[in-house]
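Dear colleague,

I am handing over the structure we talked about, and you will find it just below. Please open it beside this message, and then read on for what was found in it.

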Amino acid sequence: MEQSFSLTSDVRNNCLVISTVGYVNNIGGEAIAKEFNRHFETGIKQVIINLGQSKVVNSIGMSFLIEIIEHLAEADGKLVFTNLDPAVDKMLAIMGLFKFAGKEPTVESALKYFSQKK
Amino acid sequence: MTVTNTRSVHTKSDANLSHKIEALLGGFRKLSRAATLKELAQQFDGIIRSNTTSSKVDLFYRAHRTAPWQRIVDSGDQNVERLLKIPRAKASWSSAFEKTKQFVLVQKLGDKSYIGMVLGRAKSGPGYSHDDAISARLFGNLFETAYQELLSLRHEKELVFSLNHRVLQLTSLIDTGIEISKIEQGALPHHLALERAASLTNASKGAVRVIEGENLLEEHFFPYRVPVGSRPRKGQVIRAHFSFAGRTYRFELHEKESRSGIQPFEETDQLLLDALARQVHASLENRFLHQQALEKQRIERDIAVAAAIQKRLLPTALPIIKGYDIAGVNIPSKWVGGDYYDCRPLPDGRFALIIADVAGKGVPAALLVSSLHAYLSAYLESQIPLDELARRLNKVIYHASPDDKFITAFIALLSPESGEVEFVNAGHNPAYLLRANNEILELPAKGLPLGMLDMDIPCDKDTITIGVGERLLLYTDGITEAANVDDVFYDIHSPLRDFVARHRPQSSSQFVSDLIKDISHFAGAAPQNDDITALYLHRTS
């Protein structure tokens, strides 16, 4: 059952990991963007968003995710989504998010991806 | 000399113009790369600084004529926005300069917003000139063109996003339909539909309620446990509902989100919600039909088992009774019925002839036949008087069956040598005894069916004697009530009593066979609705 939105974040190996719970809508998207901006201003350019506990995303929430992708692209950074529910995975694919962002099955595999990139 | 001087002036002027054109083109290339208004302003700030003698640059943006100015490039000078004057209604720009102090330009943009520029004191030279004013105007036009480019880019992105979103809505509608149809028994398709509808319409929350009559059976919110308001504003809620199996499913979505706040739902949002509600409706109907089909299969299997068990209770062959010819028949209907017949020798040399019919059909009737068979066997073995046997049977059947189940039965004990028949008729059809003089003697019921009431004496016993050449027919109502396609009963069209009187073939089996043929001929294409059972006894010597 989809809960009200909440998120947690931590920085591992200079990589921001944001894990969300609940509906990624206007409120959820805004919260993710705010958390991203807070770290982006400190120079973080590698970001993982774990949507494992978010089974529903709407297009307003997605517009915030697109903005994060654009900011990172301008700064030569990258966003990787993880733990995607099949329905959310398909939504992000149709909206074209994977043209500029990556996806990995887990946060650990995303961290590994970034460490190999360095 | 004059010519030379003129050339010299021209060359200097050309170089100046060429430099300005280069600066303009270079500036445009830079501005065109901006992805946001802020970036555009920052690039513009750089261009102005490198192409004017200004010491300070402040840039402002105004979304529309009456909106407040927003500072987007800040030199640190306070209150300079007071210098900005909105151009007259039909003018696209306004400018003002005060030699050596400030230069001000306000440029109207394509979307009716404004960019305001305040250049601070000139760094050197005589200050701002008319040439500077013209240059600034050119740069203002440049900004306007780049801003238009930015708007086009933004519009293009919004268009692509919107198209992708439409594709997403259609794809998701199809996928959700498939998911709902595949959803496992016990899962709730209306919950999934609510989630998808909220997501696809950008609703911030929603609810689905299941109502039966006045009772609210279920109330589910999305997001989980986030209740929707009871008095939403106009345009901020859409609803859909359907009824199925006495229950009404009501969907509602609240507050369509946008980046600029809550906005009214669109017509397509209502169409989407309606479509998803229809998918849930179809899914529930399909589930119901599937369950019915499974239940039917299960019942048919049970009936087949019950029919097989019941068949084993009926005699495969009847005993040979010296001086008598006896034959019986049982043709079960499609469904398991409750007919029973038997003929069995008793330890004292008599023979028991039984025919019985349980009220109703199906497995319960078959179970009661099975009970009757068991009790009857036990009581006949113990050779208790016939009326006592009937009393006991009544008692046990009454306690072993539900209120609407009982058994009509004709039980007779034949003493073969004397031809004496002791019998009880518990609510059963009258037996017919065809006398030697061709008269028919009816042996009607003299008591209630077995198991109908908890009485000590359900029926009286009687005695008759069958003489040589006389014939006795016991039967169930499957014969008399066999109907043709016009719903006319066999007994009304061609009374069984007359058939018994007319038909006196050599063998009992021939009589039974002829009777069945006659019934079959009468019924024609009409289906057989009840068991057909008969027991025919002919005293031959």
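**Around Leu194(B)**

Leaving aside neighbours within four places in sequence, Leu194(B) is in contact with Gly206(B), Val208(B), His220(B), Phe222(B) and Phe251(B). Please keep in mind, here and below, that this is a predicted model. Leu194(B) belongs to helix 4 of chain B, which covers residues 189-201. Is Leu194(B) buried or exposed? A residue counts as buried if 20 or more other C-beta atoms lie within 10 Å of its own, and because Leu194(B) has 27 C-beta neighbours inside that distance, it is classed as buried.

**A sheet in chain B**

Chain B contains an open sheet of 5 strands, whose order is 11-20-19-16-17 and whose pairing is antiparallel. At its edges are strand 11 (324-331) and strand 17 (440-443) of chain B, each of which pairs on one side only. From one strand to the next, the twist averages 15°.

Within this sheet, strand 16 (residues 431-434) and strand 19 (residues 471-475) of chain B run antiparallel and are joined by 3 bridges, and Tyr432(B) stands opposite Leu473(B) of strand 19. Helix 11 of chain B (residues 508-523) lies across strand 11 and strand 20 (532-539) of chain B, and runs at about 30° to strand 11.

In soluble globular proteins, nonpolar side chains tend to be buried together. The largest nonpolar core here has 63 residues, and the ones that touch the most other members are Leu353(B), Ile407(B), Ile411(B), Leu473(B), Leu474(B) and Leu535(B). A second, separate core has 36 residues, among them Cys15(A), Phe36(A), Val57(A) and Leu97(A).

**Chain A as a whole**

Chain A has 4 helices and 5 strands, which follow the pattern β-β-α-β-α-β-α-β-α when read along the sequence. Of its 118 residues, 45% are buried. Among the contacts in chain A with a separation of 6 or more, 66% are between residues 24 or more positions apart.

With best wishes

Terms used. Residues are numbered from 1 along each chain as its sequence is written. Chains are lettered from A and ligands numbered from 1 in the order in which they are written. This is a predicted model: local features need pLDDT of at least 70, side-chain atom pairs count only at pLDDT 80 or more; totals for chains, interfaces and linings use all residues. Two strands pair if DSSP finds at least two bridges between them. Helices (H or I, at least four residues) and strands (E, at least two) are DSSP runs, numbered from the N terminus. Axes are lines fitted to C-alpha atoms, for helices over the stretch in contact, and angles run from 0 to 180 degrees between N-to-C directions. Two residues are in contact if their C-beta atoms, placed from the backbone, lie within 7 Å. A nonpolar core is a set of buried Ala, Val, Leu, Ile, Met, Phe, Trp, Tyr and Cys residues joined through C-beta atoms within 7 Å. A residue is buried if 20 or more other C-beta atoms lie within 10 Å of its own, exposed if 12 or fewer, and partly exposed in between; C-beta atoms are placed from the backbone.
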